[in-house]
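My notes follow the order in which I checked them.

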Amino acid sequence: MWETIFSVWRLRRPGPELVYGRWRGHALKASRRPDLELLMPLVRGAYYPDFLTPAEGSAGLQAAIEAIKSTPATRLREELEELVRHAGPKPSWMSQLADGDTEILTRLAGALQSQYESAIGPFWSEARAHIEAERSRRARVLLDHGAEGLLDSFRPMMRWEPPVLEVDVPFDQTLHLNGRGLLLVPSYLSWGTPDTLRDTSLPPVLVYPIEHDLTLRGGLRPADGESLAALIGRTRTSLLESLGDGRTTSELARRVGVSAASVSQHTAVLREARLIQTSRAGKAVVHTLTPLGEQLLGELP
């Protein structure tokens, strides 16, 4: 949902052409005017209502849409009044929304879903490739230098001055975590400064712009069996193709026709390359594809 909101913002303020030009060219054609007529009055300045980016979004698009549709009228009124204080006059339908009009709220939720499907969905694989690269880089810093090293790695947009994390955001705010933790969310369409929720009683979230790797533009192309085998070898290709929803080492050995010891060696390489992940289920070790592995396989069976 954050990316969906940022997509509306990027239509107002394009950002660097080299980074967003191709995406914006698509979004200008694909975004539906009725959707934007509802969304743009809500996303027009430094503040936009927190209910547009619910925490339930971590469970998927539909969970987020349902959370938005069930937003209490009291919260709608408070956040829309805050929006008017920052952004000025509002369209007439926004007053109905502030009163908890379920029809308007359902239309708004539909507009958000439609905007995601038209402007974000077609670029989701590319966005995930960038995000995975960002997560891998930050994870390495975390492993090598710990949590404080991770926080310190975000300079200059964030400055870790223990015990305070100073962040450049569009408005002044002091947030006391009080042991709640802070969820760091890398974003593909965010640019410039990070974003956070205005309501300090909500679970703390900090959405920050990633460093775009232009070599990942277009995402990973679907591979064919021969090119993938030439890249990583036939045995490892067969292992990836055989994973499905998850396989144990012994199951992979039977499917591919190699020894369990050989499977262990190959899965170690695939795991190091972030193409699979391995977890323990009782006494068994289960291997599953990562998003990067799924993208590498593309349309292969």
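**Entry 1: source of the coordinates**
I am working from a predicted model. I read every value below as computed from that predicted model.

**Entry 2: helix H4**
I began with helix H4, residues 61-69. Which of its residues are buried? I found Ala-64, Ile-65, Ala-67 and Ile-68. Down the axis of H4, these buried residues fall within an arc of 160 degrees, so they line one face of the helix. The general rule I kept in mind is that an α-helix has 3.6 residues a turn, so residues three or four places apart point the same way. I then looked for what covers the buried residues of H4, and helix H7 (102-120) is included in that cover.

**Entry 3: H1 against H7**
H7 came up again when I turned to helix H1, residues 2-12. Two packed helices are described by the angle between their axes and the distance between the axes. I noted both for this pair: the axes come within 9 Å and cross at roughly 70 degrees. H1 and H7 are therefore roughly perpendicular to each other.
Which residues make the contact? On the H1 side I listed Glu-3, Thr-4, Ile-5, Ser-7, Val-8 and Leu-11. On the H7 side I listed Leu-112, Gln-115, Tyr-116, Ala-119 and Ile-120. Sorted by class, the contact has 7 nonpolar, 3 polar and 1 charged residues.

**Entry 4: Tyr-116**
Is Tyr-116 buried or exposed? Its relative accessibility is 18%, and the cut-off for buried is under 20%, so Tyr-116 counts as buried. Leaving out residues up to four places away in sequence, I found that Tyr-116 touches Thr-4, Leu-61, Gly-121 and Trp-124. I also took the C-alpha to C-alpha distance from Tyr-116 to Ala-63, which is 14 Å. Those two residues are 53 apart in sequence.

**Entry 5: Ser-118**
Ser-118 is also in H7. Its relative accessible area is 13%, so I logged Ser-118 as buried. What does its side chain reach? I found the backbone oxygen of Gln-115 at 3.4 Å. Beyond residues up to four places away in sequence, Ser-118 touches His-26, Ala-30 and Ser-31.

**Entry 6: cis peptide bonds**
Next I went through the backbone. Most residues other than glycine have a negative phi, and most peptide bonds are trans. I looked for departures from that pattern.
A cis bond joins Arg-155 and Pro-156, with omega about 10 degrees. I placed Pro-156 in the loop between helix H8 (124-152) and strand S1 (158-161). The bond from Pro-162 to Pro-163 is cis as well, with omega near 5 degrees. Pro-163 sits in the loop between S1 and strand S2 (164-167).

**Entry 7: positive phi**
I checked phi for Asn-178 and got a positive value near 50 degrees. Asn-178 is in the loop between S2 and strand S3 (183-187). At 70% relative accessibility, I counted Asn-178 as exposed.
Arg-274 is not a glycine, yet its phi is positive at about 65 degrees. I located Arg-274 in the loop between helix H12 (260-272) and strand S7 (276-281). Its relative accessible area is 32%, so Arg-274 is partly exposed.

Notes:
Residues numbered from 1 in each chain as written. Predicted model: local features only at pLDDT ≥ 70, side-chain atom pairs only at ≥ 80, totals over all residues. Heavy atoms only, no water. Buried < 20%, exposed > 50% of the residue type's maximum accessible area, 1.4 Å probe, protein only. Helix = DSSP H or I, 4+ residues; strand = E, 2+ residues; numbered from the N terminus. Arc of directions from axis to C-beta. Contact = heavy atoms within 4.5 Å. Axes fitted to C-alpha atoms, helices over the stretch in contact; angles between N-to-C directions. Parallel < 35°, antiparallel > 145°, perpendicular 65-115°, else oblique. Nonpolar A, V, L, I, M, F, W, Y, C, P; charged D, E, K, R; others polar. Polar contact = N/O pair within 3.5 Å; in protein donor to acceptor, adjacent residues only side chain to side chain.
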